[in-house]
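Work through the exercises below with the model open. Try each task before reading its solution.

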Amino acid sequence: MVLDFPLSTVAAPLLSFVLSFFSILWLIKRKSDRLLDYPNSRSLHSVPVPRIGGLGLLFGVIVTWLLFSVVMPVAVWIGVGLLGVISFIDDIWHAPIWCRLLIQSVVAAGFSVAVLLDIHGWVIVLCVTVAIIWMSNLYNFMDGSDGLAGGMAVIGFGYYGLSAYLAGNTGFAVINFSIAAAAMAFLLHNFYPARIFLGDVGAIPLGFLAAALGVLGWINHLWPIGVPLLVFSPFIADATVTLIKRLLRGEKIWRAHREHYYQRMVQSGLGHRNTALLGYALMLVVGGSAVWAGRQDVAVQCWVAMIWGSFYLILMFISDWSQKYHSDRG
């Protein structure tokens, strides 16, 4: 099969990459104390690092979308804007948690009602609203190790773009490839040792976009609903299981901690670099299987989902057992 690559599928990501790379480079040189993330007892870094790299990433993406006149629901534009603003405020002045959750809930509900209510009804709208709120926050929770969240964005949105392109929707492919390219520009500054962090201003909107674009691809018949869940499952599995465990122990889940499986990998001696590289390998394989399974029948999709679910559970069981074993011996 010969694939025809429209100019926009190359030009848009290239522009997004260049704009993001140089805007992030400019942000790295800003030395204001308010822009620095100082290490604490729950951090995995040891020196102050700028924490608003996501601002440069979003700048590259949004300018590219505007210049290439991409077509998206207004709810996506508004959602990215509102989440970017409240998250930037939180990065600089620490917005109250109720305020952040209120904005996130309004954005998630507004998107779900706008794109789903007439098609699927209130039950689906409610489920998707909760899923978007969770995805926005879990992406932020998983942004705690050099290169990890940036790599997930490159690979995750890259697979979204590939799936859209294979389905014949070049416009939607451009939207996703532009995000992946901007994330790659960020990753060049964020891979260990990181010179800048994504910050809430980057992580929260990226989580929202992962969920929102996943839903849009589903309702436009570009992929089954299981594809976006599987593509981003390395983050979803880690954050969700960690949250459930903390809830069962009665802990305050909104407080920073170092209990995620990726954080434990870093602390176990693997370090940021090896943890990221292992994460990339997992993301590439699971994402590739998701794209492939999305073009197969439902039975195959279910089998692929069950295989990966079992794989995650086994890895987590081994990690928990190993931690308890070494703790008991210590």
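## Exercises on a predicted model

His94 lies in the loop between helix 3 and helix 4. The model is predicted.

**Exercise 1. Find the salt bridge partner of Arg100.**

Solution. Step one: start from the total, 7 salt bridges in the structure. Step two: follow the side chain of Arg100. It meets that of Asp90 in a salt bridge, 3.5 Å from N to O. Here the cut-off is 4 Å.

**Exercise 2. How do helix 4 and helix 8 pack, and at what angle?**

Solution. Step one: take the angle and the distance. Helix 4 (residues 97-120) and helix 8 (residues 200-219) pack at about 10°, and their axes are 11 Å apart. Step two: classify. Angles under 35 degrees count as roughly parallel, and helix 4 and helix 8 are therefore roughly parallel to each other. Step three: list the contact. Helix 4 contributes residues including Arg100, Val107 and Phe111, and helix 8 contributes residues including Ile204, Phe208 and Trp218. Step four: sort by class. The contact has 11 nonpolar, 2 polar and 2 charged residues.

**Exercise 3. Where does helix 11 bend?**

Solution. Step one: compare spans. A straight helix of 33 residues would span 48 Å, but helix 11 (residues 261-293) spans only 26 Å between its end C-alpha atoms. Step two: find the bend. Helix 11 bends by about 120° at Gly269.

**Exercise 4. Classify the crossing of helix 10 and helix 11.**

Solution. Step one: the axes of helix 10 (residues 233-248) and helix 11 come within 10 Å and cross at roughly 140°. Step two: helix 10 and helix 11 are therefore oblique to each other. Step three: the contact includes Phe235 and Val241 of helix 10, and Tyr261 and Met283 of helix 11. Step four: by class, its residues divide into 8 nonpolar, 2 polar and 3 charged.

**Exercise 5. Which residues does a cis peptide bond join?**

Solution. Step one: go to the loop between helix 7 (170-190) and helix 8, where Pro193 sits. Step two: check omega. The cis bond joins Tyr192 and Pro193, with omega about -5°.

Technical notes:
Residues numbered from 1 in each chain as written. Predicted model: local features only at pLDDT ≥ 70, side-chain atom pairs only at ≥ 80, totals over all residues. Heavy atoms only, no water. Axes fitted to C-alpha atoms, helices over the stretch in contact; angles between N-to-C directions. Helix = DSSP H or I, 4+ residues; strand = E, 2+ residues; numbered from the N terminus. Parallel < 35°, antiparallel > 145°, perpendicular 65-115°, else oblique. Contact = heavy atoms within 4.5 Å. Nonpolar A, V, L, I, M, F, W, Y, C, P; charged D, E, K, R; others polar. Expected span 1.5 Å × (residues − 1). Bend = angle between axes of the 7 residues up to and from the residue.
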